[in-house]
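Here are my comments on the model, as numbered points. Please read them with the structure open.

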Amino acid sequence: IATYSLDTDHPSMRAVGYRQIAQFIAGRASRAEAAASATAATRQLAKRQLTWLRHDTLYRCVDPLSKGAFDPIFREVQALIA
């Protein structure tokens, strides 16, 4: 961190995982602690994103493993193109 003059207040440190790795490099967290913290931060971000998507009517969640899940989407796209 000191080599590149980065600190935890730098805008790039707001990205998921960066702050945790910076703490590990600076010796303020063990590798296991940094990994666990980064994993937790990633889960929290994913939860916030899913919440946002559920409330945004412009987007639809699709289970890619369900049979025929994409058929309605393909029909909509075809209708838009036609």
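1. Helix 2 covers residues 31-55, 25 residues in total, and spans 36 Å between its first and last C-alpha. That is close to the 36 Å expected at 1.5 Å a residue, where the expected span is 1.5 Å times one less than the number of residues in the helix. Helices here are DSSP runs of H or I with at least four residues, strands are runs of E with at least two, and both are numbered from the N terminus.

2. The model is a predicted one, in which local features need pLDDT of at least 70 and side-chain atom pairs count only at pLDDT 80 or more, while totals for chains, interfaces and linings use all residues. Residues are numbered from 1 along each chain as its sequence is written, and side-chain values use heavy atoms, with hydrogens and water left out.

3. Which residues of helix 2 are buried? Ala34, Ala38 and Ala41 are buried in this helix; buried means under 20% relative accessible area, exposed means over 50%, and partly exposed lies in between (1.4 Å probe, protein chains only). The buried residues of helix 2 pack against helix 1. As background, an α-helix has 3.6 residues a turn, so residues three or four places apart point the same way.

4. On the helix 1 side, look at Gln20, which is found in that helix. Gln20 counts as buried because its relative accessible area is 11%. Leaving aside residues up to four places away in sequence, Gln20 touches Ala34, Ser37, Ala38 and Ala41; a contact means heavy atoms within 4.5 Å.

5. Ile25 also belongs to helix 1, which covers residues 18-25. Its relative accessible area is 55%, so Ile25 is exposed. Together with Ile21 and Phe24, Ile25 makes a nonpolar surface patch of about 270 Å². Patches are built from residues with over 30% relative accessible area and no salt bridge, joining like charges within 9 Å and nonpolar side chains (Val, Leu, Ile, Met, Phe, Trp, Tyr) within 5 Å. A salt bridge is a side-chain nitrogen of Lys or Arg within 4 Å of a carboxyl oxygen of Asp or Glu.

6. Arg43 lies in helix 2 and is exposed, because its relative accessibility is 60%. Arg43 and Leu53 are 10 residues apart along the chain, and their C-alpha atoms are separated by 15 Å.

7. Leu50 is another residue of helix 2. Its relative accessibility is 43%, so Leu50 counts as partly exposed. The C-alpha atoms of Leu50 and Cys61 are separated by 9.1 Å, and the two residues are 11 apart along the chain.

8. For the chain as a whole, there are 3 helices and 0 strands, in the order α-α-α from the N terminus. The radius of gyration is 20 Å, well over the 12 Å that the globule rule gives for 82 residues, so the chain is more spread out than a compact globule. This radius is taken over C-alpha atoms, and the rule is 2.2 Å times the number of residues to the power 0.38. Along the principal axes, the C-alpha atoms fill a box of roughly 55 × 25 × 20 Å.

9. Of the 82 residues, 11% count as buried. The accessible surface comes to about 7,100 Å², and 59% of that belongs to carbon and sulfur atoms; areas come from the Shrake-Rupley method with a 1.4 Å probe, and for residues only the protein chains shown count as cover. Among contacts between residues at least 6 apart in sequence, 16% join residues at least 24 apart.
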